[in-house]
Amino acid sequence: MKKIIFGTLLILGMAFILPSCNKSSSEKKGDVMFWTRESTKVITVTFRNSNRTISTRYTSSTPDCGYSGCATYNDVPTGTYSYHAENLYYYWDGSVTVREDECSKMQLSIYKAVKKSEPSGDNTSLECFEEEDFYEE
């Protein structure tokens with residue numbers, strides 16, 4: 001009789017515990033959007049092992065999350081993540097924090113870019129460069 005009662009209690013206990021272990025339905029999530037004001041070649045953004053591109057610049061104001069031409073990642077679990085972005089001449093490395101039910105917007109600015117060096121050089125430090133070097137010809 002004790003085994004039956006214990007077994008029944010164990011099954012009932014598991015019925016209440018298991019649904020709370022399903023993180024996919026209860027996990028806190030938000031969105032992240034990468035964008036730029038710069039007139040530049042396409043920027044490829046690598047975030048959470050996924051590549052997206054920024055193909056449009058927004059000069060008048062910060063675009064809303066999900067605007068065309070921005071690199072948007074939806075339903076990202078909350079937390080802080082690193083990213084890498086680059087085009088033909090420059091790259092950006094940094095981190096962005098995802099908050100629940102919010103869109104974190106990361107502007108990629110020329111003033112925070114690292115200019116890629118010549119193939120034989122070292123590109124680990126920020127070099128001085130002219131703003132015109134960044135723009136399309």
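Which residue lies over the face of Tyr73, and at what distance from the ring centre? In this predicted model, Arg52 takes that place, at 4.2 Å from the ring centre of Tyr73; a charge sits over a ring if NZ of Lys or CZ of Arg is within 6 Å of the ring centre and within 35 degrees of the ring normal. Because the model is predicted, local features need pLDDT of at least 70 and side-chain atom pairs count only at pLDDT 80 or more, while totals for chains, interfaces and linings use all residues. Residues are numbered from 1 along each chain as its sequence is written, and side-chain values use heavy atoms, with hydrogens and water left out.

The protein has two helices and eight strands, where helices (H or I, at least four residues) and strands (E, at least two) are DSSP runs numbered from the N terminus. Along the sequence the pattern is α-α-β-β-β-β-β-β-β-β. Of the contacts with a separation of 6 or more, 56% are between residues 24 or more positions apart; contact means heavy atoms within 4.5 Å. The accessible surface comes to about 9,300 Å², and carbon and sulfur atoms hold 52% of that surface. These areas come from the Shrake-Rupley method with a 1.4 Å probe, and for residues only the protein chains shown count as cover. Buried residues make up 28% of the 137 residues, with buried meaning under 20% relative accessible area, exposed over 50%, and partly exposed in between (1.4 Å probe, protein chains only).

The strands come next. Strands of a sheet pair through backbone hydrogen bonds, either parallel or antiparallel. Here two strands are taken to pair if DSSP finds at least two bridges between them. An open sheet of five strands has the order 3-2-5-6-8, with antiparallel pairing. Its edge strands are strand 3 (50-54) and strand 8, each of which pairs on one side only. Strand 2 (residues 43-47) runs antiparallel to strand 3 and is joined to strand 3 by five bridges. Within this part of the sheet, Thr46 stands opposite Asn51 in strand 3.

Strand 1 (residues 29-35) has two partners to consider. Five bridges join strand 1 to strand 4 (residues 71-77) in the antiparallel sense, and Gly30 stands opposite Val76 in strand 4. With strand 7, strand 1 pairs in the parallel sense over five bridges; there Trp35 stands opposite Gln107 in strand 7. Five of the seven residues of strand 1 are buried, so strand 1 is largely enclosed by the rest of the structure.

In soluble globular proteins, nonpolar side chains tend to be buried together. A nonpolar core is a set of buried Ala, Val, Leu, Ile, Met, Phe, Trp, Tyr and Cys residues joined through side-chain atoms within 4.5 Å. The largest such core has 19 residues, and Phe34, Val45, Phe47, Tyr83, Trp92 and Leu108 touch the most other members. Strand 1, strand 2, strand 4, strand 5 (79-86) and strand 6 (90-98) each supply at least two residues of this core. The largest share, four residues, comes from strand 6.

Leaving aside neighbours within four places in sequence, Phe34 is in contact with several residues, including Val45, Phe47, Tyr73, Tyr83 and Met106. Phe34 also belongs to an aromatic cluster with Phe47, Tyr73, Tyr81 and Tyr83. The structure holds six aromatic pairs; rings of Phe, Tyr and Trp (its six-membered ring) pair if their centres lie within 6.5 Å, and planes under 30 degrees apart count as stacked, over 60 as edge-to-face and the rest as tilted.

Arg52, the residue over Tyr73, lies in strand 3 and is partly exposed, with a relative accessible area of 34%. Not counting residues up to four places away in sequence, Arg52 touches Ile43, Thr44, Val45, Ala71, Thr72 and Tyr73. The C-alpha atoms of Arg52 and Phe34 are separated by 9.3 Å, at 18 residues apart along the chain.

The loops remain. Most residues other than glycine have a negative phi, and most peptide bonds are trans. Asn49, in the loop between strand 2 and strand 3, has a positive phi near 65 degrees and is exposed, with a relative accessible area of 81%. Asp101, in the loop between strand 6 and strand 7, has a positive phi near 55 degrees and is exposed at 69% relative accessible area. Ser109, in the loop between strand 7 (103-107) and strand 8 (114-115), is buried, with a relative accessible area of 12%. Not counting residues up to four places away in sequence, Ser109 touches Glu38 and Trp92.
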